[in-house]
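Colleague: Let's go through this model term by term. I will ask what each label rests on.

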Amino acid sequence: MNLPNKLTVIRMLMIPIFMVVVLAPLDWGVLSLGNTQLAVTNLVGAVIFAVASFTDWLDGEIARKQGLVTNFGKFADPLADKMLVMTAFVLLVELGKAPGWVVVIIVCRELAITGLRLLIVEQNGSVMAAAWPGKIKTATQMFAIIFLYINNIPFNLISLPLGEILLYVCLFFTLYSGVDYFVKNAGVFKGSM
């Protein structure tokens, strides 16, 4: 197994660790940042998520630069990303830090694009590469998750927390990139209805 694939597997293994840290009734104390309190467990969870997210970027860079793209990587890398992000979003809803309707839209888009990717592979054997709107969507999702877990510390813009701003930015790019993928690949459905 090459290094990018090992990083992908590590990312998958970090998901249950992230869940335990965020959900277990651990009391590691509270940090005081100005007028705001931040639970250490939230900070540790955000750090674990950030490290796992960084492995997403890192494995892609290494695979492309060193020519280490494999079928396992093509399958497992996007799967690991979706597992990590969807886990974080579902837990944010459970913790009351994100509205359920936003997360439902994000999850439905991810499932729809995964289905579209499968159809494209089935029809012509090629893997649909991520386009820039999808990459922006992924980046804004990851930053929104990190800031929502750390209670938007230390950034507040016009009394609207950065995590919430990023959540709605990522919702926009989630919808935009989903429509973009379906419009560009509409030919997949010709003659099938």
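Colleague: What makes C170 buried?

Modeller: C170 has a relative accessible area of 0%, so it is buried.

Colleague: What do the values rest on?

Modeller: This is a predicted model, where local features need pLDDT of at least 70, side-chain atom pairs count only at pLDDT 80 or more, and totals for chains, interfaces and linings use all residues. Residues are numbered from 1 along each chain as its sequence is written, and side-chain values use heavy atoms, with hydrogens and water left out.

Colleague: Which helices and strands does the protein chain have, and in what pattern?

Modeller: The protein chain has six helices and four strands. These are DSSP runs numbered from the N terminus: H or I of at least four residues for helices, E of at least two for strands. The pattern along the sequence is α-β-β-α-α-α-α-β-β-α.

Colleague: Why is helix 3 called roughly antiparallel to helix 4?

Modeller: The two pack at an angle of about 160°, with axes 9 Å apart. Axes are lines fitted to C-alpha atoms, for helices over the stretch in contact, and angles run from 0 to 180 degrees between N-to-C directions. Under 35 degrees counts as roughly parallel, over 145 as roughly antiparallel, 65 to 115 as roughly perpendicular, and the rest as oblique. So helix 3 is roughly antiparallel to helix 4.

Colleague: Which residues meet there?

Modeller: From helix 3, K82, M86, F89, V90 and V93; from helix 4, G100, V103, I106, V107, E110 and T114.

Colleague: D81 also lies in helix 3. Why is D81 called buried?

Modeller: The relative accessible area of D81 is 14%, so the label is buried. Leaving out residues up to four places away in sequence, D81 touches R11 and D56. Contact means heavy atoms within 4.5 Å.

Colleague: What makes up the largest nonpolar core?

Modeller: It has 34 residues; F18, F49, F89, I145, Y149 and L167 have the most contacts inside it. Such a core joins buried Ala, Val, Leu, Ile, Met, Phe, Trp, Tyr and Cys residues through side-chain atoms within 4.5 Å.

Key: Buried means under 20% relative accessible area, exposed over 50%, partly exposed in between (1.4 Å probe, protein chains only).
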